[in-house]
Amino acid sequence: MTDPFLVQYFGAPPMALLTVGAGTLLAGRQVLGDRTAVAVAWALWSAGAVTGLAAAVLVPLWMFTRHRSAPDSVFASWLMPLVPPMVAAAGGALLVPHAAAGQARTSVLIACYAMFGAGLLASTVVITLVWWRLTQHNQGPAVLVPTLWIVLGPLGQSVTAANLLGDVAPLAVPPPYSTGLAVFGLVYGIPVWGFAVFWAAIAALITLRTARAKLPFSLTWWSFTFPLGVVVTGTSELAERSHAAVFAVAAVLFYTGLVCAWAVVGVRTLRGCVRGTLFAPAVGERS
């Protein structure tokens, strides 16, 4: 709570719970059976949503009341505690069909849209601050440059959530509202996807520019993977909903980049663990 850098990663455990919960529902039924898989998914989603909302509220609260941040300390890692509600919204969409019909199902859908809005608006504020920081103080320490890719997290996850929720809206609310929510997924998703591609280009060019000088390996390199992963899911949702070939091709390209990033970062992480150098403090890590 007292370290303004490390406290941002309080958002990571809730996202882990939510990701495993979604994976259990999508891929765990053959191993666990339908009933057990759904029960585990509900438990993990509930725990992830509650702890994710807690992180989204408490970390900014600590920043407002306990930490003193210099203008050049703003960076994309500030998004980490704000993304879990968006992840919960996407995961909750998968559980809407498994909620009891009627008010229970409608309540889950409303809760997911509320978390979608909370994560989206809070992330928009921080993304604006990140843009301001880059224009006023440049890219900052090399070790933090990979965190620029975290901006893709709320962008890609919001596109994913909007479309998944639109898919299940007819199960929980009547037309024309269900139709409107389904349309919203595409109408919202395409412009935000465009900004995600725009930001990915900026982040890639800054990363390449930094790598030409020196880009030391650290755990921040994992920022190359998870945010890109939700861009893949968001692009795939747009491809499925719009039937546009451009999104299908883009999804394949993003997925190829994701696999390459996982391979590189995974090997480097394993090597660092074996050598015992991975967890040594990086120079400039908390600048």
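The structure is a predicted model, in which local features need pLDDT of at least 70 and side-chain atom pairs count only at pLDDT 80 or more, while totals for chains, interfaces and linings use all residues. Residues are numbered from 1 along each chain as its sequence is written, and side-chain values use heavy atoms, with hydrogens and water left out.

Let us begin with how helices sit against each other. The helices named here are DSSP runs of H or I with at least four residues, numbered from the N terminus (strands would be runs of E with at least two). Two packed helices are described by the angle between their axes and the distance between the axes. Here the axes are lines fitted to C-alpha atoms, for helices over the stretch in contact, and the angles run from 0 to 180 degrees between N-to-C directions.

Start at helix α1, residues 12-27, which packs against α4 at an angle of about 15°, with the two axes 10 Å apart. That angle makes α1 roughly parallel to α4; the word covers angles under 35 degrees, while those over 145 count as roughly antiparallel, 65 to 115 as roughly perpendicular and the rest as oblique. The α1 and α4 crossing is left-handed, a label used if the near helix is turned anticlockwise from the far one by less than a right angle (right-handed if clockwise). From α1, the residues that make the contact are Pro14, Met15, Leu18, Ala22, Leu25 and Leu26, and they meet Pro84, Val87, Ala88, Leu94 and Leu95 of α4; contact means heavy atoms within 4.5 Å. Sorted by class, this contact of α1 with α4 holds eleven nonpolar residues, no polar and no charged ones. In that sorting, Ala, Val, Leu, Ile, Met, Phe, Trp, Tyr, Cys and Pro count as nonpolar, Asp, Glu, Lys and Arg as charged, and the others, Gly among them, as polar.

Now follow α4 to its next partner, helix α5, residues 103-137. The axes of α4 and α5 come within 7 Å and cross at roughly 155°, so these helices are roughly antiparallel to each other. Here too, the crossing of α4 with α5 is left-handed. On the α4 side the contact is made by Pro85, Met86, Ala88, Ala89, Gly92 and Ala93, and on the α5 side by Val108, Cys112, Met115, Phe116, Gly119 and Leu120. The contact of α4 with α5 has ten nonpolar, two polar and no charged residues.

While you are at α4, look for Gly91, which has its place in this helix. Gly91 is buried, with a relative accessible area of 13%; buried means under 20%, exposed over 50%, and partly exposed in between, using a 1.4 Å probe and protein chains only.

Asn138 is exposed, at 56% relative accessibility, and has a positive phi of about 65° although it is not a glycine. Most residues other than glycine have a negative phi, and most peptide bonds are trans.

In helix α6 you will find Ser158, which is buried at 0% relative accessibility. Leaving aside residues up to four places away in sequence, Ser158 touches Met86, Phe116, Tyr188 and Val192. Further on, in the loop between α6 (152-168) and α7 (177-213), sits Pro176. A cis peptide bond joins Pro175 to Pro176, with omega at about 5°.

The last stop is the pair formed by helix α8, residues 226-242, and helix α9, residues 245-275, whose axes come within 8 Å and cross at roughly 160°. These two helices are therefore roughly antiparallel, and their crossing is left-handed. Among the contact residues are Phe226 and Leu228 of α8 and Phe247 and Trp262 of α9. By class, the contact of α8 with α9 divides into 14 nonpolar, five polar and no charged residues. In the loop between α8 and α9 lies His243, exposed with a relative accessible area of 70%. His243 has a positive phi of about 60° although it is not a glycine.
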